[in-house]
Amino acid sequence: MLEIKNLHVKLEEEDKQILKGVNLTVEPGRVHAIMGPNGSGKSTLSYVLAGRDGYEVTEGSATLDGKDLLEMEPEERAAAGIFLAFQYPVEIPGVGNMTFLRTAVNAQRKARGQKELSAADFLKLVREKAKTLKIDADMLKRPVNVGFSGGEKKRNEILQMAMLEPRMCILDETDSGLDVDAMKLVAEGVNALRSPDRGFLVITHYQRLLDHIQPDVVHIMADGRIVKTGGPELALEVEHNGYADILAEVQ
Amino acid sequence: MALDERKMTATEARLAAMQVPEVGCTKEAREAALERVRRMGLPGRRDEYWKYTRPDSLVQVAAPRAAVFDAGEEPMFSAFDRLRVVFVDGVFSPELSDDLSLEGVQIDRLEDICCTNDHWAEDLYGVLEARGQSPVERPLAALNTAYAGDGVAIRVTGRVSKPINLTYVHKSEQSDVLLHHVIRVEPGAEATILENGPAAARFNKCMEIDIADGGRLHLVRAQGRDHERRAYTSLFARLGAKATFKSFTLTVNGVLTRNEAVVEFTGGDAVAHVAGACAGDGNFHHDDTVFITHDAVGCESRQVFKKVLRNGATGVFQGKILVKEGAQKTDGYQISQSLLLDEDSQFFAKPELEIYADDVACSHGSTSGAIDEEALFYLRSRGVPAAEAQDLLTLAFIAEAVDEIEDKAIAEDILGRVQGWLARRR
Ligand SMILES: Nc1ncnc2c1ncn2[C@@H]1O[C@H](COP(=O)(O)OP(=O)(O)O)[C@@H](O)[C@H]1O
Ligand SMILES: [Mg+2]
């Protein structure tokens, strides 16, 4: 489904190579985790897949169901099924969360040639999904992420994901800044979306999220490359021994 | 100080081309105003107060032509039950207007202010304008008092059940119009006045508003969408104790607009909010000039102005809060912001505070910025197309000023219109 081949990325503004040949394939129905020390390029990979400005792909490719992602605008990627849960969700003063969600859902439906949701249907859907994530009416009314706590922002990301039902979910450190209860809520939200035709790429610095979202495959990223790939046991190894051992071993 | 020759020549040339009309019993006020114009001279390019806005086309003898624009949509505010008072190229139209009788308000044309009937408006016409000439001169407002051809006198005596809607229809490409309204809100009375329409190729409008103790006036205006029209508007408001005045102005299009608002607090614990939002594309120059004088204890003034500019459009904000000696517990707030959608557009801001009392809370801020790229990407990553995402952010920016309108139905109507216009311009 998601195929990343030999992806090399540098910053547009400066001569700094960040990704140095990433290879990764996520199959439908599978959960891949990427772990790695800070600064190894995890967020950069997720941004490049989502289409953020400021990066230049110097080599390699990234496709979703065979379609070249790198040629698409961010909104086209979203319509194709890419969803990125941001490490740092953006605050948008003046735009109500509800308006934001409705605009997004309907824009994607339109792009896929589906009818827009009626106001009533949308409301029903949003209330139902919000409830399971313990997002109250007030949070839906407030401007997008403005004044939200760290945990609220992350739950709001998962709500968007649940509303948009993407094919390929990329979660960038969705666990950071969450207490145990919030983490459980988020994990439940993610697990509820697991399905045979949906893929996940879960980026995390720590193993603890992976206790709740069981990965099928774990990758270790360091210095812009995936240096080791294994099963869930690899995450436990990181948990016990830290990154130093693995990095020493691959070097 | 004697006028410099250039200014005098320009002023006399303009005056020579005009005729003081005999409208109602305003003769003395008009003569006095004419004298003021002669003494001050019409604004020139070198005037400090006109540093960012060229007054030439407002001053010159002939009004530049302005095509009439058919927006192909329902007139503004038509969703609301309202009393319509319609002017076509500056002339009151009884056919297009509603019957002017409405409980709690008395509406007369200026020509009905007869010397024989001791009309209340006689004591107001030109009075607040004259007061507002100091400390900063506003000669175009005095010109208006002297030459205004039409207008209404509105006296609010109770709680008026529906808004009074002054509509200014622009029909002639060459219309050069001066309208003057006087409004008096009696103690404890309350009304909403809506204004809409481009009015003329060149429009000079003056509104004098006297709000007695405990009176409340809401003013919401939309200046029409004709691209080529020019407008100079002045508003002089005087507030008694515990009075409230709230004004919001929406400006979309128009090659030149200068809106001056002069507000004076004369009684304690009064509130005045002056807000505006404009969106300009290309040949568009918009100037908000505000002067608020706190001359009473415990009053609150608030200025909120938002400008969205692109393709070389220009925005100007000059806002001053003057707190006189003894005006303790003044709460003065002022914010002016521009959203520049490209690098060709410009925003000039001159915020000023002058304070002679020690127990006051005054603040001002001014910002100028581009669209928030992070927010734009966030929206796009959720599937919202770039243009739509930009509109959403633009609307959110404007909404903070529109929010100043107390009547939420009207505020929503305005936001809905703006959203439609933005979408159509893409
Ligand atoms: N926009 C940027 N400007 C400068 N440096 C950047 C930028 N984006 C990423 N980097 C650098 O690239 C490297 C990888 O960053 P990032 O992808 O955020 O790593 P991770 O998410 O794994 O912590 C770091 O050295 C970071 O400082
Ligand atoms: Mg990161």
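Colleague: Is helix α3 (residues 97-111) of chain A roughly parallel or roughly antiparallel to helix α6 (residues 150-164) of chain A?
Modeller: The axes of α3(A) and α6(A) come within 10 Å and cross at roughly 30°. Axes are lines fitted to C-alpha atoms, for helices over the stretch in contact, and angles run from 0 to 180 degrees between N-to-C directions. Angles under 35 degrees count as roughly parallel, over 145 as roughly antiparallel, 65 to 115 as roughly perpendicular and the rest as oblique. At that angle, α3(A) and α6(A) are therefore roughly parallel.

Colleague: What pLDDT do local features need here?
Modeller: Residues are numbered from 1 along each chain as its sequence is written, while chains are lettered from A and ligands numbered from 1 in the order in which they are written. This is a predicted model, with side-chain values using heavy atoms and leaving out hydrogens and water; totals for chains, interfaces and linings use all residues, side-chain atom pairs count only at pLDDT 80 or more, and local features need pLDDT of at least 70.

Colleague: How many charged residues are in the contact of α3(A) with α6(A)?
Modeller: Contact means heavy atoms within 4.5 Å, and on α3(A) the residues making it are A:Asn97, A:Phe100, A:Leu101, A:Ala104, A:Val105 and A:Gln108, facing A:Asn156, A:Leu159, A:Gln160, A:Met163 and A:Leu164 of α6(A). Ala, Val, Leu, Ile, Met, Phe, Trp, Tyr, Cys and Pro count as nonpolar, Asp, Glu, Lys and Arg as charged, and the others, Gly among them, as polar. The contact divides into 7 nonpolar and 4 polar residues, and the charged ones number none.

Colleague: How does α4(A) lie to α6(A), oblique or roughly perpendicular?
Modeller: Helices are DSSP runs (H or I, at least four residues), as strands are (E, at least two), numbered from the N terminus. The axes of α4(A) and α6(A) come within 10 Å and cross at roughly 135°. This makes α4(A) to α6(A) oblique.

Colleague: Is A:Lys129 buried or exposed?
Modeller: A:Lys129 is in helix α4 (residues 119-132) of chain A. Beyond neighbours within four places in sequence, its contacts are A:Leu159, A:Ala162, A:Met163 and A:Glu165. Buried means under 20% relative accessible area, exposed over 50%, and partly exposed in between (1.4 Å probe, protein chains only). At 19% relative accessibility, A:Lys129 is therefore buried.

Colleague: Which protein residues are donors to the magnesium ion (ligand 2)?
Modeller: Donors are N, O and S atoms within 2.8 Å of the metal (3.2 Å for Na, K and Ca), and sites may look incomplete because water is not among the atoms. Here the donor atoms, OG and OE1, lie 2.1 to 2.4 Å from the ion and belong to A:Ser43 and A:Gln87.

Colleague: How many residues apart are A:Ser43 and A:Gln87?
Modeller: A:Ser43 is in helix α1 (residues 42-50) of chain A, and A:Gln87 is in the loop between β6 (82-85) and β7 (92-96) of that chain. The pair links distant parts of the chain, with a separation in residues of 44.

Colleague: What is the relative accessibility of B:Phe77?
Modeller: B:Phe77 has a positive phi of about 65° although it is not a glycine. This residue is in the loop between α3 (56-59) and β1 (83-88) of chain B. B:Phe77 counts as buried because its relative accessibility is 0%.

Colleague: Which residues does the cis peptide bond with omega of about 5° join?
Modeller: Most peptide bonds are trans. The residues joined are B:Ser134 and B:Pro135.
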